[in-house]
2 protein chains.
Amino acid sequence: MKYCSQCGAAVELRVPPGDNLPRFVCRQCATIHYQNPKIVTGCIAEWENRILLCKRAIEPRLGLWTLPAGFMENNETTAQAALRETLEEANANVEIVGLYAMFDIPHISQVYLMFRARLLDLNFNPGEESLDVKLFTELEIPWNELAFPVINETLKFYFQDRKHNQYQLRQGKIPPHQEYYAIKS
Amino acid sequence: MKYCSQCGAAVELRVPPGDNLPRFVCRQCATIHYQNPKIVTGCIAEWENRILLCKRAIEPRLGLWTLPAGFMENNETTAQAALRETLEEANANVEIVGLYAMFDIPHISQVYLMFRARLLDLNFNPGEESLDVKLFTELEIPWNELAFPVINETLKFYFQDRKHNQYQLRQGKIPPHQEYYAIKS
């Protein structure tokens, strides 16, 4: 951030009065521009003993598999965002069961909110951001070709809980993990 | 938003190629400025059969009671943010028990993440944003002087669950509710 989005003047990084963190503050109109973490929401969409994964058609991690998920938009709920992302990436119709996992990724200022969901039919197909969309049993999950560590962690918890058919809210933190991201890059 | 924070030129509201929502896009450098919901995190800080509330020293809702909570910052976890807000607003030391409630407030693009927490000592006192900080039993909760609907909803769930000492993750949505906000405004 270099310029004020309100008046177009230059901003400077300084600690505003009464605050304790540096913020971008406009030198002209004094607007303080706060920057906050973003929410990523998505679904574990279930069909019998299988779940839906999407093969990414876009960077980062093009060609690797992920759960349908993406950035939450203004004026929607977390569940609406998860449904929308599932529809956009997999053209899949689901109904939400409930929040299943929350992951903090502080080094990139993201919070993942992953819902369990029931797939309502098999009429899914790749959206614009996907190369392929498929159902996987636990044994078929391509563990070494998952796009992001948070997806591995979510699915590890999920299959643990599914053994007992008892799903508890799972919480975790994803640390910076360079070698993970180095695959295929 | 009127100006591009990257180059200072004017922005316009339009749907970028491949997108389906209007965004602020720079007319000069074409940067797309996404706007996303913010996370508010806080604590239900427990001490025996009482919980901690803060009387607001700032607008909005100055003079009304709330749980210690505030906007999550970049590069922290949700739990760290809840601890920080509890320290800032009540100078209270707590340890997190776990996520207790998630509320969507789509009309103001906020997601509340409220944690249960144990108060570690009684050395709390009002921070700069609080006029008073006190422990309340269920019967003492000032239901008609709570600052925000999301605080009422969180506490209603909490005292329901406390009766049975069984806390499940609670999820809800706070609708626009004009008359609520009209009190004392």
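This is a short tour of a predicted model, with stops to select one after another.

**The two chains**

Start with chains A and B, coloured separately. Two copies of a chain are related by a rotation about an axis and a shift along it. Here a rotation of 180° with 0.0 Å of shift along its axis places chain A on chain B, with an RMSD of 0.0 Å. The two copies are thus related as by a two-fold rotation axis. Next, look at where the chains touch. Of the interface residues of chain A, 100% are also interface residues in chain B, so the copies meet through the same surface.

**Helix H1 of chain A**

Select residues 78-90 of chain A, which form helix H1. This helix has 13 residues and spans 18 Å from its first C-alpha to its last, close to the 18 Å expected at 1.5 Å a residue. Show the side chains and pick out the buried residues, which include A:Ala81, A:Ala82, A:Arg84, A:Glu85 and A:Glu89. A:Thr78 and A:Ala90 are also among the buried residues of H1(A). Then step to A:Asn91, which follows the helix and has a positive phi, near 45°.

**The second largest pocket**

Move to chain B and select B:Ile58, B:Gly70, B:Phe71, B:Glu85 and B:Glu129. Of the 41 residues that line the second largest pocket, these lie nearest its centre. Elements giving two or more residues to this lining include strand E4 (38-47), strand E5 (50-56), strand E9 (110-119) and helix H2 (149-164) of chain B. H1(B) supplies the largest share of the lining, 4 residues. The volume of the pocket is about 1200 Å³.

**B:Ser109**

Select B:Ser109, in the loop between strand E8 (94-105) and E9 of chain B. Is this residue B:Ser109 buried or exposed? B:Ser109 counts as buried, because its relative accessibility is 12% and the cut-off for buried is under 20%. Now show what surrounds B:Ser109. Leaving aside neighbours within four places in sequence, B:Ser109 is in contact with A:Asn74 and A:Asn75 from chain A, and with B:Pro37 and B:Lys38 from chain B.

**B:Asp19**

For the last stop, select B:Asp19, in the loop between strand E1 (11-14) and strand E2 (23-26) of chain B. B:Asp19 counts as partly exposed, because its relative accessibility is 22%.

How values were computed:
Residues are numbered from 1 along each chain as its sequence is written. Chains are lettered from A and ligands numbered from 1 in the order in which they are written. This is a predicted model: local features need pLDDT of at least 70, side-chain atom pairs count only at pLDDT 80 or more; totals for chains, interfaces and linings use all residues. Side-chain values use heavy atoms; hydrogens and water are left out. Buried means under 20% relative accessible area, exposed over 50%, partly exposed in between (1.4 Å probe, protein chains only). Copies are superposed by least squares on the C-alpha atoms of residues with pLDDT of at least 70 in both. Contact means heavy atoms within 4.5 Å. The expected span of a helix is 1.5 Å times one less than its number of residues. On a 1 Å grid over the protein atoms alone, a cavity is a set of points where a 1.4 Å probe fits but cannot get out, and a pocket is an open set with protein on both sides within 12 Å along at least five of seven lines; lining residues have an atom within 4 Å of a point. Grid points are joined across faces, edges and corners, and a volume is the space filled by probe spheres set on the points.
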